[in-house]
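This briefing is for a reader who is meeting the structure for the first time. Please look over the sequence and the model below before turning to the points that follow.

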Amino acid sequence: MRDPGTMCRIAQAAAAGGAAGIRAQGIEDLRRIRAALDLPLIGLWKDGDGEVFITPTLDHALAVAGTGADIVAVDGTLRPRPDGRTFAEIIAAVHDRTGRLVMADVSTYEEGVAAAEAGADVVGTTLAGHTPHSRPGPGPDLELVAALSHDLPVPVIAEGRIHTPEQAAAAVEAGAHAVVVGTAITHPTTITRWFADSVSRSPRGVHPK
Ligand SMILES: CC(=O)N[C@H](C=O)[C@@H](O)[C@H](O)[C@H](O)COP(=O)(O)O
């Protein structure tokens with residue numbers, strides 16, 4: 001599935017199903033999706049094997065902006081970045097040099113507050129449960145969504161482990177401006193595993209070898 005043409009078709013399928021926007025990863029994927037769709041586009045570039053891997057440096061952020069993405073998603077945690085820049089410096093440079101908006105991908109309330117103070121235009125709960133210091137799953141961290149939506153002066157996007165339409169509606173109910181659904185729309189292998197595991201847990205289930 002990790003192929004720009006495939007991802008572009010998935011984005012088109014999501015748009016046909018009523019998606020209000022697309023969030024996608026990778027420079028070529030973003031270019032293709034930008035050319036194919038007129039919806040708001042959140043772009044990121046996952047790179048490196050360090051702790052900070054979502055658009056980890058300013059150069060990554062500028063490259064994402066160069067694809068035509070409307071919003072550049074960047075790691076918004078307080079961890080050091082590979083290029084030594086602060087989040088505030090990255091946000092200011094993206095604003096000044098490209099005019100694009102910045103979405104801060106955070107994992108905790110404190111990170112969300114700090115990201116908004118640093119100048120982020122949007123804060124997302126993307127990394128909740130994905131850092132050692134944040135609340136683990138299995139479901140979305142709706143308490144975090146509610147607290148950030150209530151307290152921040154910028155829109156909050158609920159993202160991470162939203163696997164059902166009911167969870168998406170609950171996130172909006174908690175105050176989210178929008179909801180990003182990843183795996184449950186884009187990852188057939190995982191979705192199939194949910195079904196296969198559920199069936200094989202049933203007493204009459206078939207147990208694949
Ligand atoms: C932690 C990380 O790398 N998250 C990524 C961020 O872009 C994506 O792999 C996720 O699919 C996305 O956040 C949506 O989450 P979920 O797939 O749980 O709906």
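R161 counts as buried, because 20 C-beta neighbours lie inside 10 Å; the term buried is used when 20 or more other C-beta atoms lie within 10 Å of a residue's own, exposed when there are 12 or fewer, and partly exposed in between, with C-beta atoms placed from the backbone. This is a predicted model, in which local features need pLDDT of at least 70 and side-chain atom pairs count only at pLDDT 80 or more, while totals for chains, interfaces and linings use all residues. Residues are numbered from 1 along each chain as its sequence is written.

- R161 sits in the loop between β6 (156-159) and α7 (165-173), where helices (H or I, at least four residues) and strands (E, at least two) are DSSP runs numbered from the N terminus.
- The phi angle of R161 is near 60 degrees, which is a positive value in a residue other than glycine.
- R161 is also among the closest of the 14 residues that surround the ligand, together with T126, H130, G182 and T183; a residue is near a molecule or strand if its C-beta atom, placed from the backbone, lies within 6 Å of it.
- The shell around the ligand has six nonpolar, six polar and two charged residues, where Ala, Val, Leu, Ile, Met, Phe, Trp, Tyr, Cys and Pro count as nonpolar, Asp, Glu, Lys and Arg as charged, and the others, Gly among them, as polar.

**Helices α1 and α2**

- Helix α1 (residues 4-16) packs with helix α2 (residues 27-36) at an angle of about 40 degrees, and their axes are 9 Å apart; axes are lines fitted to C-alpha atoms, for helices over the stretch in contact, and angles run from 0 to 180 degrees between N-to-C directions.
- The two helices α1 and α2 are therefore oblique to each other, since angles under 35 degrees count as roughly parallel, over 145 as roughly antiparallel, 65 to 115 as roughly perpendicular and the rest as oblique.
- On the α1 side, P4, G5, M7, C8, A11 and Q12 meet E28, D29, R32, I33 and A36 of α2, and the residues of this contact divide into six nonpolar, two polar and three charged.
- Within α2, the residues D29, L30, R32, I33 and R34 are buried, and the buried residues of this helix pack against α1, β1 (22-25), β2 (41-44) and α3 (58-65).

- G26, in the loop between β1 and α2, is buried, with 20 other C-beta atoms within 10 Å.
- Apart from neighbours within four places in sequence, G26 is in contact with P4 and W45, contact being defined by C-beta atoms, placed from the backbone, that lie within 7 Å.
- T55, in the loop between β2 and α3, has a positive phi of about 45 degrees although it is not a glycine, and T55 is buried, with 30 other C-beta atoms within 10 Å.

**Helices α3 and α4**

- The axes of α3 and α4 come within 10 Å and cross at roughly 35 degrees.
- This contact is made by L58, A61, L62 and A65 of α3 with I90, A93, V94, R97 and T98 of α4, and the residues involved divide into seven nonpolar, one polar and one charged.
- F87 is found in helix α4 (residues 87-98), and F87 counts as buried because it has 24 C-beta neighbours inside 10 Å.

Terms used: Contact = placed C-beta atoms within 7 Å.
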